[in-house]
Amino acid sequence: MGKRIVIIGAGLAGTTAAREFAERGQPVTLIDPQAGETYERPPLSKHLFDGSRYHLPYHLGSSELVTFVRARALQITLAEATAQSQPDASRADDPEIAGTVILDSGETVEFTHCILATGMTANAPHVPGYPDALPVYDLDEAEWIRARVEASTEQLDVGVLGSGYLGMEVATSAVAAGHRATVYLRGTEPLRRQLSQPVRDALVAAHRAAGVEFVTNLTDPADIPGGVHDLFVTSVGARPELIPIDGEVPEFAWDVNEKLATSHAGVWAAGDCARVTEGPYALAHPWACEPVAETHGRYLAQLLTGEIDQPWSDVPWHWSFQGPEKVFTAGLTRPDSADTMIRRHPDGKKMQVFHFAGPDADAPLIGVETLGWPPMQAAARRVLSGNLIPTRGQIEDPDFDLKAHSRL
Ligand SMILES: Cc1cc2nc3c(=O)[nH]c(=O)nc-3n(C[C@H](O)[C@H](O)[C@H](O)COP(=O)(O)OP(=O)(O)OC[C@H]3O[C@@H](n4cnc5c(N)ncnc54)[C@H](O)[C@@H]3O)c2cc1C
């Protein structure tokens with residue numbers, strides 16, 4: 001029997017994996033209620049107000065090698081032998097059935113290898129003053145909002161609860177399109193959990209100057225005054241979507257090792273539902289960003305077809321376009337790290353914050369935040385994925401040229 005590869009979730013990680021398996025001649029089954037109709041999520045929060053295209057489908061069709069199963073996976077049961085002996089299903093030439101996916105249609109699908117790629121579900125807090133408030137996490141939600149924007153002939157007043165990337169994208173894109181926007185946040189600093197202080201200070205100053213208003217220390221959505229906003233978007237995080245395996249679901253996400261394997265033999269996890277706990281890019285929470293979901297999908301196709309055997313090590317990065325402002329992270333960056341160095345462009349707006357593995361001059365560069373300077377983000381990614389990682393001492397040298405170094 002050949003490999004029976006089943007991917008649950010046809011978002012970015014699942015679709016990329018399916019495409020890459022097919023390119024290697026390996027048949028796969030892709031399970032998702034929306035298989036064949038899934039789309040990119042990033043445009044949803046950026047193009048609600050500017051009339052640009054926000055529906056960008058992935059364009060993966062079913063074929064001889066890709067079988068769509070349009071259903072929701074309810075649970076997985078592992079084959080008894082797999083559950084007891086934990087064989088390494090990735091390497092076997094003649095793999096055994098490792099488990100079965102049970103679908104809401106009542107059907108079942110057996111697999112030798114299963115990739116969990118079920119993404120996340122947005123939290124949706126109730127805002128008493130705005131019973132129609134909704135997150136902007138999927139196409140239906142974006143279309144609901146867009147219909148209201150298109151129906152309006154006047155400037156809209158938009159309320160946003162939450163000041164992470166998505167909330168800021170909604171508010172800043174509304175203001176950039178001539179509307180009003182107020183962001184309500186629990187603490188005092190927007191983007192507090194995403195970016196270091198110099199970057200978030202500069203970004204938030206630009207947003208304030210553009211007209212975005214902020215209401216801080218808002219701990220209870222019931223305190224948001226009703227009747228003020230024409231439209232209300234919530235953006236207070238998301239949690240991994242998890243399917244029980246033999247009746248159990250992890251507390252937070254699927255913990256995976258450096259090769260994206262879960263602790264269940266024959267089961268891997270990719271993208272937003274996975275938390276990488278080992279290897280160079282281990283993190284306390286899912287990476288939850290587009291480039292990582294894509295490289296996870298590609299990596300698993302390469303690994304499970306035997307093309308590679310090394311751990312997943314693509315430099316993770318994130319992009320967020322907030323109105324006219326563009327902010328990026330690459331590698332390992334922490335909002336509170338003290339081991340950083342700032343380099344500002346003479347224009348006073350563009351900047352990079354370099355993150356190091358420690359305080360000493362020989363501490364290697366581990367991550368970079370870039371504000372408003374896309375070519376330098378590209379250079380940072382090249383440097384972090386190269387073999388000549390610069391040290392703190394090198395980068396502190398005023399003559400150090402990141403772009404030139406990235407081409408060595
Ligand atoms: C509005 C928005 C804006 C974003 N902007 C950015 C950005 O600017 N930059 C960036 O780097 N990242 C951004 N992201 C994050 C990025 O889109 C995600 O990290 C990426 O889509 C994750 O891919 P995924 O395949 O893990 O999950 P998803 O793309 O979410 O796909 C999960 C799929 O699993 C399916 N599924 C779930 N449960 C089941 C089940 N039980 N059975 C079958 N199928 C199931 C779902 O239907 C879905 O199709 C944004 C996300 C959102 C929501």
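Colleague: Where is the place of leucine 260?

Modeller: This is a predicted model, in which local features need pLDDT of at least 70 and side-chain atom pairs count only at pLDDT 80 or more, while totals for chains, interfaces and linings use all residues. Residues are numbered from 1 along each chain as its sequence is written. Helices (H or I, at least four residues) and strands (E, at least two) are DSSP runs numbered from the N terminus. Leucine 260 has a positive phi of about 65° although it is not a glycine, and its place is in the loop between strand 14 (254-256) and strand 15.

Colleague: Is leucine 260 buried or exposed?

Modeller: A residue is buried if 20 or more other C-beta atoms, placed from the backbone, lie within 10 Å of its own, exposed if 12 or fewer do, and partly exposed in between. Leucine 260 has 26 other C-beta atoms within 10 Å, and therefore leucine 260 is buried.

Colleague: What is the phi of leucine 191, a residue other than glycine?

Modeller: Leucine 191 is found in the loop between strand 10 (180-184) and helix 6 (197-210), and because leucine 191 has 24 C-beta neighbours inside 10 Å, it counts as buried. Its phi is positive, with a value near 60°.

Colleague: Does histidine 285 count as buried or exposed?

Modeller: Histidine 285 lies in the loop between strand 16 (274-276) and helix 7, and its C-alpha atom is separated by 5.5 Å from that of arginine 275, 10 residues apart along the chain. Because histidine 285 has 11 C-beta neighbours inside 10 Å, it counts as exposed.

Colleague: Which strands stand at the edges of the open sheet of five strands?

Modeller: The order in this sheet is 3-2-1-7-15, with parallel pairing, where two strands pair if DSSP finds at least two bridges between them. Four bridges join strand 1 (residues 5-8) to strand 2, with isoleucine 8 opposite isoleucine 31, and four bridges likewise join strand 1 to strand 7 (residues 113-116). At the edges, each strand has a single partner strand, so one side of each is left without a neighbour in the sheet, and these are strand 3 (66-69) and strand 15 (267-269).

Colleague: At what angle do helix 1 and helix 7 pack?

Modeller: Two packed helices are described by the angle between their axes and the distance between the axes. Axes are lines fitted to C-alpha atoms, for helices over the stretch in contact, and angles run from 0 to 180 degrees between N-to-C directions. The axes of helix 1 (residues 12-23) and helix 7 (residues 290-304) lie 7 Å apart, and the angle is about 30°.
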